[in-house]
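Student: I would like a close look at one helix-helix contact in this model, together with its surroundings. Please keep the terms defined.

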Amino acid sequence: DDRDPRYDESQFYLGASQDALGQTEAALATNQKLAARLPLFEVYNNIGVSLIKLKKYTEAIDHLKPAVDAAPRDTDTLFNLGYAYYLAKNNASAAATLKTETRLRPSAGEGFYILSKALAASGDQTGATAASDQAKKLLSSFAQWETKGIPGVARIKMGFSKINYYRYKRDQDERLNAQAPVSGLTPQVDQLLEASRTA
């Protein structure tokens, strides 16, 4: 019952479980439905991951960009956006995003590896070599990736910030109590940004 106070939370974990079971289409459908009710960056991240798995890279970027705007220090979401840019062959944006991710998380072996490939494709051989050297130190599967290619490494969010969840719910209740006209409600992405700004 979608009026149950735990409905949104249960749908979030259902989507994460469907993803873990390899039910990508079902996970995407669950999270897309949830995003209209609960526009938190974690939901948008997980939609982006499903879209990456379905090779819909441009759509993935369209969901991951607002998620990164809402939570600019979340390294999983940054990594996913950089990875999606790389898969979409937008190497300049991939490199810029992954430079931020690897700066925030210096142990990011996967990030350094994909950064090295994006920089090489952009013609920055010096930067590519430096990133590759870091990846060699940090990524135990480096040799395997070099021979077999990059495996599917998009990162699902298995939980969400309860603080942001309750803040968003409180804001929604206040709007409803003020009987704001529907047309006055903030657009979905603005709600996402507002609800997740402090994550």
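Student: Which residues in H3 meet which residues in H5?

Tutor: The model is predicted, so local features need pLDDT of at least 70 and side-chain atom pairs count only at pLDDT 80 or more, while totals for chains, interfaces and linings use all residues. Residues are numbered from 1 along each chain as its sequence is written, and side-chain values use heavy atoms, with hydrogens and water left out. On the H3 side the residues are Phe41, Asn45, Val49 and Ile52, and they meet Asp76, Thr77, Asn80, Tyr83, Ala84 and Leu87 in H5. Contact here means heavy atoms within 4.5 Å. By class, this contact has six nonpolar, three polar and one charged residues. Ala, Val, Leu, Ile, Met, Phe, Trp, Tyr, Cys and Pro count as nonpolar, Asp, Glu, Lys and Arg as charged, and the others, Gly among them, as polar. As for spacing along a helix, an α-helix has 3.6 residues a turn, so residues three or four places apart point the same way.

The axes of H3 and H5 come within 10 Å and cross at roughly 30 degrees; axes are lines fitted to C-alpha atoms, for helices over the stretch in contact, and angles run from 0 to 180 degrees between N-to-C directions. The two helices are therefore roughly parallel, where under 35 degrees is roughly parallel, over 145 roughly antiparallel, 65 to 115 roughly perpendicular and the rest oblique. The crossing of H3 and H5 is left-handed, that is, the near helix is turned anticlockwise from the far one by less than a right angle.

H3 spans residues 41-53 and H5 spans residues 75-87. Helices (H or I, at least four residues) and strands (E, at least two) are DSSP runs, numbered from the N terminus. The chain has 11 helices and zero strands.

The loop between H3 and H4 holds Leu54 and also Lys55. Leu54 is partly exposed because its relative accessibility is 24%; buried means under 20% relative accessible area, exposed over 50%, and partly exposed in between (1.4 Å probe, protein chains only). Not counting residues up to four places away in sequence, Leu54 touches Thr24, Glu25 and Leu28. Lys55 has a positive phi of about 65 degrees although it is not a glycine, and at 62% relative accessibility Lys55 counts as exposed.

Past H5, the loop to H6 (91-104) contains Lys89. Lys89 also is not a glycine and has a positive phi of about 65 degrees. With a relative accessible area of 70%, Lys89 is exposed.

H4, residues 57-70, has 14 residues and reaches 20 Å from its first C-alpha to its last, close to the 20 Å expected at 1.5 Å a residue. That expected span is 1.5 Å times one less than the number of residues. Buried residues in H4 include Ala60, Ile61, His63 and Leu64. Over the whole chain, 48% of the 199 residues are buried.
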